[in-house]
Structure formats: C-alpha cells, structure tokens
Protein chains: 2
Amino acid sequence: MQNFDYHTPTRLIFGKDVIKELPEVMNQFGKKILLTYGGGSIKKIGLYDKVKELLKDFDIYELSGIEPNPKYDPSVLDGVKMCKENDVDVILAVGGGSVLDCSKAIAAGAKYDGDPWDLISYQVKAKDALPIVDIITLAATGSEYDAGGVISRTETNDKIGYVDPLLFPAVSFLDPTYTFTVSKKQTAAGCADAMNHIMEQYFCEDSTLLNDGFMEAGLKSLMINAKKCLDNPEDYNARAEMMLTCTYGCNGIYSLGNSQSGWPLHGMEHALSAYYDITHGEGLAIITPRWMKHVLSEKTVDRFVKYGVNVFNIDPSLDKMDIANKAIEETYKFFESINIPMHLREVGIDESRIDEMAHHVAINEGLDEAWVPLQEKDISDIFRASL
Amino acid sequence: MQNFDYHTPTRLIFGKDVIKELPEVMNQFGKKILLTYGGGSIKKIGLYDKVKELLKDFDIYELSGIEPNPKYDPSVLDGVKMCKENDVDVILAVGGGSVLDCSKAIAAGAKYDGDPWDLISYQVKAKDALPIVDIITLAATGSEYDAGGVISRTETNDKIGYVDPLLFPAVSFLDPTYTFTVSKKQTAAGCADAMNHIMEQYFCEDSTLLNDGFMEAGLKSLMINAKKCLDNPEDYNARAEMMLTCTYGCNGIYSLGNSQSGWPLHGMEHALSAYYDITHGEGLAIITPRWMKHVLSEKTVDRFVKYGVNVFNIDPSLDKMDIANKAIEETYKFFESINIPMHLREVGIDESRIDEMAHHVAINEGLDEAWVPLQEKDISDIFRASL
C-alpha cells in the first residue's frame, strides 16, 4: 500500500427536502451570495424560485448561463468580477458539475489580485478562496465532494483540471429528486462519467481487497441503477444510490493507498471535449473500450480478469485473455445499451484533428507516467480506433 | 434510502514514516501539548522517544496509564485538570482506541466549567473542545476517524458512548509499522471489533448495492488480513489494509443512507466489559453468533443469505435457512480460528450477574428499537447462550 494524505472536509446533506436547511447553512458564511447556475433547468424544476424564497433575507447576485465544459472567458472572469465588485461572502452553485467547477475557479479568483488563469494554470498557488456551498442537480462528476474543477479556455483549446484543497465545497446539498428531470442522454452520460472515475482508479498496479470491493460495488451499482433511472426517471432509490456513488468519484476515497493510474481516459477525453465541446461522459464512454483493448497485454491481463469476474460475473474458469476480452466487450455493450453513441463520428469528430489532439494530450497530460504509459502514437491510435 | 448529514473533517496521514510531519501539524494548533498514552507499549516500540524528539520545541505535559476501557476516574478527570492548569492548546493521543477515546472526553471537559460527566452523560451539550491529534498504534476501533469515545465509570457500571461532532480528531497519523508488535490476542480482538462495526451497519432493514459491496469487502478484507497479520506480524500490506478497514468503522461511511440498526452488539457488550473489564473485541466476538441465531427468522433470513453468499461464498442454491445457519457457523468458526475464546466463562464471566447486566442494557441502550428489537429477556437469553 502507498502512503497517502486524505482530507475531505465537505459536509454532505443528503436526501429529500434537505434544502430547507439552506438558510441556516448560508448564515454561517455571510449575507452576500453569488448565486451561480447554468442554462435555466433549475428554473424549470422550480428550484430557482425555491432558493430565492428560502434566501429572501440575503443579498443575492446572479451569474447565469454557465456552459457545459465551463469557460474561463466569459464565465470565470465574469464571476470573479461580480464577487470583487460586490464584496461577496460565499458562492452558492446550483446545478451540475460544470456550474460547480466554474464556481470553484471563481472562488479562488475572487481572492486573488492577478489574472485567475495564473491560478488555474498552476503558475501561482492560491492563498485563499471564498467558501462554496452547492445544490447539485446531476449525478455525475463528484465535484460536490472534491477539490477540483475542469475549466476550458477556448482560444488555446486548453481544458485544465484545477485542483486545490481550498476548493472543497463547505457544504453540498444532494436531493435526488432534483435529478428526476435529467434527460436520458445526460443520465447516461453521467453514469459513464462516474463509471470512468472509478475505472481510472481501479486499473492500476496495486490495489487492496477493500478498495477493489468498494469500486466493483460502485461500478455494479451505477450500471444497475442507471438502467432503473432510464426506465423510471422518478425511481427515488435508484436516483439516490446513483447520486451517492457518483459523489465519491473523485476525492480518492475509492482508492486510498492504491498506486496511481494517471487518469489516462480523462487525460485523453479532455482534448476531445476541448476541441469539439462534446459531452464529457460520452467522450469517455467512447474511448474506454478502445483504451482497454490497447493496454490489454500479458502484463495487465490479471487486472482485467478481476474486473470481468467481479463486475460482469464472467466465468473465472475461462482462459485469462478470453475473460479480459469478454470484459471489454461487456463494457462496450453496457454503454451501448444505455444509448451512448459509441463512435466519435456520431458526436461530430472526424479524423481531421486527431493527430493534433494526440499531440496536445501527449504534451499536457503526462500520460507517459500512467498505469500503462501512453505516448503520442498510442493516443492517436486509441482516438482512431474510436472513430 | 434514508436522508443523512455526513461530515468527517479529520485529515488522515497514512503510511510508513509519516510521523515526520508531526511538528508541522502540531504547530497549527499551538505550543502546549497534553501527550496522552496508555501502559507504556509506545515506549517499548520507541515511539515515545521519537515523539519527544520531534516535539522538542514544544511544552509537553503527560498523562500516562490510560486504561483499556478508559475510566472517567481517574483518567478523564486527571486529563481535564492538567489541561486547565497548564492552559493546554492541543491534545496528542498516542496509542489505541482507549487512549484516544479518553482524550476526546478530556478535550471536551477541558473547555467546560462543570463536571465533565455532565457532557459524557448528555446532560449538557459541549460548546467547545480542544483540538485533538492522534498517532494510532492499534487497528481496531476507528476512533481516529469518528467523533465518539466510550468512557467507563466504575462505581455505576456505566460504559457510555459519548459522541459529539466537536470530538473529531483534527489529524490522525496512521503508520502500519506501529502495529507490528501488537500481540496476537489484541490483533484478533481488534479484527473482531472492526468486523462488528461493519456488521452493526450491515444487518439492517434497508441498504444499497454500494454499501453492501463496500461492507462485504471490508469483512472479507479483515478476515483475510487478520490471518496474514497473525501468521506474519510484520506483513506491511496486511497491517496497512487492516488499519484502513478499521478506520472507516464508526463514522458512518460504510452505510450512508442505510436504515439504522441500533448497534445491538455494542449495546450488549458494553455491559459485559463494564461489569467485568474484559477485552471489548472478545466480548463482541463471543455474543455475535449467539445474537445472530437469536434474531434469525423468516423475516430476517434474506439479510443473512446475502451475508453468507457474499462474505463466505456459500452456495446460493441452498435452502435459505441453511445458508443463514451456515453463515452463522462460519462467523463462529472464523473467530475461533483466530483464537478468540468463544465462551463468556473463558473470559471470567459466569451466570451470576447476567440478569443484572441484561436489565442494565435494557434500560440504558434502547435496543427495543434495534433492527430486530431486543427486550430484557432477549438480552439475557443471548448472554446465557454465550456462556
């Protein structure tokens, strides 16, 4: 087992109607709130009105229209400006992972005198950040329980995972009923994103019985519950279990003491969604089985055997390579079964920029230190196999 | 799924030689430290000298001799007095769960003007507590990652679980090498304690795929790794995995959203070790299979089937009651295989005070609201079956 330093100070308030505690929670941080949200789905489900009603005694400034794959310009820059101009005490992010990721960058930028990009690009270490509270409306990224966010900068095709312990939300509200209206497409993409968060930790050199069991349970739970949510979008227990399983995704709890995997799938997918602005979870689902095939070898086969036997109940008496290949096929078939487009061409990506993206990944993502090291050629091969 | 409010702000610093970070960590809290420890095993393994050397620039006051099943009088009272007289900034607990539990009660008592028993017995809610840092030397209680402690008061035979969010350790250092010298008896008892923490959460009305998988993995990990530790006390990976699995035991992470079980085994065992000062983990191991037999019924059998199939790989095609009974038998055989005395008489408990203890439990532990409600007669029957 590897040494680790683990600290997740976020408070999770989970369940139906927990939002009633919002005023008391916000009061701990101050009266001036920057309310951040996306394209308006929180208005459709009545959550916007509910929040405004609950916080009628607070001063609320609003940043709306935060994009999926949230943008440095305008969203982060606008939010930072609003915080500084209005002396905001706390950010309340209401929405999915993109809204919260963007809010984290705003929280750090608001307490920094220079260009927030200095922080996001790790040229300067933040010294302070505004506190963040969130109400999460999508089961996917786990941003509600981690210290990171992913920010895109259009003009440079950068999509950077910005992580700093200052960015843990202070409090995350998770009410599964807010996910009842999430579309089938986004439900499936959220499931794929969360499965990938687990797989990025599962496929590594050293793990433990405890972590493997936890992660295998997480993967099975996501697959079973995603199907239930697609069949019946208002299945409370299925939405709730999906929400919690996603929440654990990125703060490390699934794999404390494991060796590092290098998160190769996220490293590659960030280029796809930076260059083409596709749905992150779909990008991940498409490249995952192709990456698996690419890295399967005599050296890695045992890990795939464990995955196949424990997650897909494949007969352990079969030949090891057969189990591994069958596990990869089952992974593909699962994503297909929840109607994820399984070819890059289906989401608008053709061959034209593959080498450019592979070059970008090779330079920026450090995947030559991943569980199975990936060079530029490996990355472009995986992209091509995904077309 | 049930609603929940989860917040575990403790930082875990885990692994070989992590103690080198101790001075930097302690500096965050102040210069005046109350160092608490037990019977001196930390001196035998050189940890006491190491701590003193690392903290040579701090003012250290020492409370030693904290008992297993730590006592309100003298340990808690002495510690509170020392903190108040010396204006202590932070408590450093070095040892097992008992030392840490006692230190938590001291931390609250030090910031309270009245009799600390007011706090422990929930007559008064603490408003503040000293920060606590710990270096844990025994894989068992999980006190290093929860907000509770168990304190015994000899003259009244009380053994109370005192829980308050103020009591989370700020930082827990976990170096598995400190557990290399733990005796076979204590290694086995620690395993039994930790298994029971999981079983107390597993046996309930409603759980999820995620939690069940996590807990089943925890139980299997404990059983396999305890045997490895007994065979080779310096097996680093086995000690490390046991340590982490134990750490999760009592803060709720194994069962977020599950219905409550009422922790019946701990409720009953607290009387045994309060009246007879036996080793807590041994008391738990002895009563567990007897409790299981007592509560097994057509209504509860499915939970035992899941336990038997997933934890002990019992053939799922067998009759349900047969699977359940076999699972209970396997539980007993496992505890026996790690040389835990499996009868109360072997740890010095005879029939004489069984009814008195059952009465005490029935009045104080609220087990009539447990997963399977237990009345006084049930409790004395379980104790008698354990003789």
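1. Three bridges join β1(A) to strand β2 (residues 11–14) of chain B, and the two strands run antiparallel. Helices (H or I, at least four residues) and strands (E, at least two) are DSSP runs, numbered from the N terminus, and two strands pair if DSSP finds at least two bridges between them. Within this pairing, Phe4(A) has Phe14(B) of β2(B) as its bridge partner.

2. On the basis of the note: the model is predicted, with local features requiring pLDDT of at least 70 and side-chain atom pairs counted only at pLDDT 80 or more, while totals for chains, interfaces and linings use all residues. Residues are numbered from 1 along each chain as its sequence is written, chains are lettered from A and ligands numbered from 1 in the order in which they are written, and side-chain values use heavy atoms, with hydrogens and water left out.

3. The β1(A)–β2(B) pairing belongs to an open sheet of seven strands, ordered β1(A)-β2(B)-β9(B)-β6(B)-β5(B)-β3(B)-β4(B), with mixed pairing. Its edge strands, each pairing on one side only, are β1 (4–6) of chain A and β4 (59–63) of chain B. From one strand to the next the twist averages 15 degrees. Axes here are lines fitted to C-alpha atoms, for helices over the stretch in contact, and angles run from 0 to 180 degrees between N-to-C directions.

4. Helix α9 (residues 236–247) of chain B packs on this sheet. The helix touches β1 of chain A as well as β2, β6 (132–136) and β9 (171–174) of chain B, and its direction makes about 170 degrees with that of β2(B). Contact means heavy atoms within 4.5 Å.

5. A further open sheet of seven strands has the order β4(A)-β3(A)-β5(A)-β6(A)-β9(A)-β2(A)-β1(B), again with mixed pairing. Here β4 (59–63) of chain A and β1 (4–6) of chain B are the edge strands, each pairing on one side only. Inside the sheet, strand β3 (residues 32–36) and strand β5 (residues 90–95) of chain A run parallel and are joined by four bridges. Leu34(A) stands opposite Ile91(A) in β5(A).

6. Two helices of chain A lie on strands of the sheet in point 5. Helix α5 (residues 97–109) of chain A lies across β3, β4, β5 and β6 (132–136) of chain A, at about 165 degrees to β5(A). Helix α9 (residues 236–247) of chain A lies across β2 (11–14), β6 and β9 (171–174) of chain A together with β1 of chain B, at about 170 degrees to β2(A).

7. How are the two chains related? Chain A can be laid on chain B with an RMSD of 0.0 Å by a turn of 180 degrees and a shift of 0.0 Å along the axis. The two copies are therefore related as by a two-fold rotation axis. The same surface serves both copies, since 100% of the contact residues of chain A recur in chain B. Copies are superposed by least squares on the C-alpha atoms of residues with pLDDT of at least 70 in both.

8. At the interface, 38 residues of chain A are in contact with 38 residues of chain B. The area buried between the chains is about 3,200 Å², of which carbon and sulfur atoms give 61%; buried area is the accessible area (1.4 Å probe) that two parts lose on being put together, summed over both. Two salt bridges are counted between chain A and chain B. A salt bridge is a side-chain nitrogen of Lys or Arg within 4 Å of a carboxyl oxygen of Asp or Glu. Arg11(A) forms a salt bridge with Asp5(B), with the closest N and O atoms 2.6 Å apart.

9. Over all chains, the whole structure holds 35 salt bridges. One of them joins the side chains of Asp277(A) and Lys71(A) at 3.5 Å, N to O. This pair links distant parts of the chain, 206 residues apart: Asp277(A) lies in the loop between α10 (264–276) and α11 (280–295) of chain A, and Lys71(A) in the loop between β4 and α4 (72–86) of chain A. Asp277(A) also has a positive phi, near 55 degrees, in a residue other than glycine.

10. Some local backbone points remain. The peptide bond from Asp73(A) to Pro74(A) is cis, with omega near 20 degrees, and Pro74(A) is in helix α4 of chain A. In chain B, β7(B) and β8(B) form a hairpin with four residues between them, and Asn157(B) in the turn has a positive phi of about 55 degrees.
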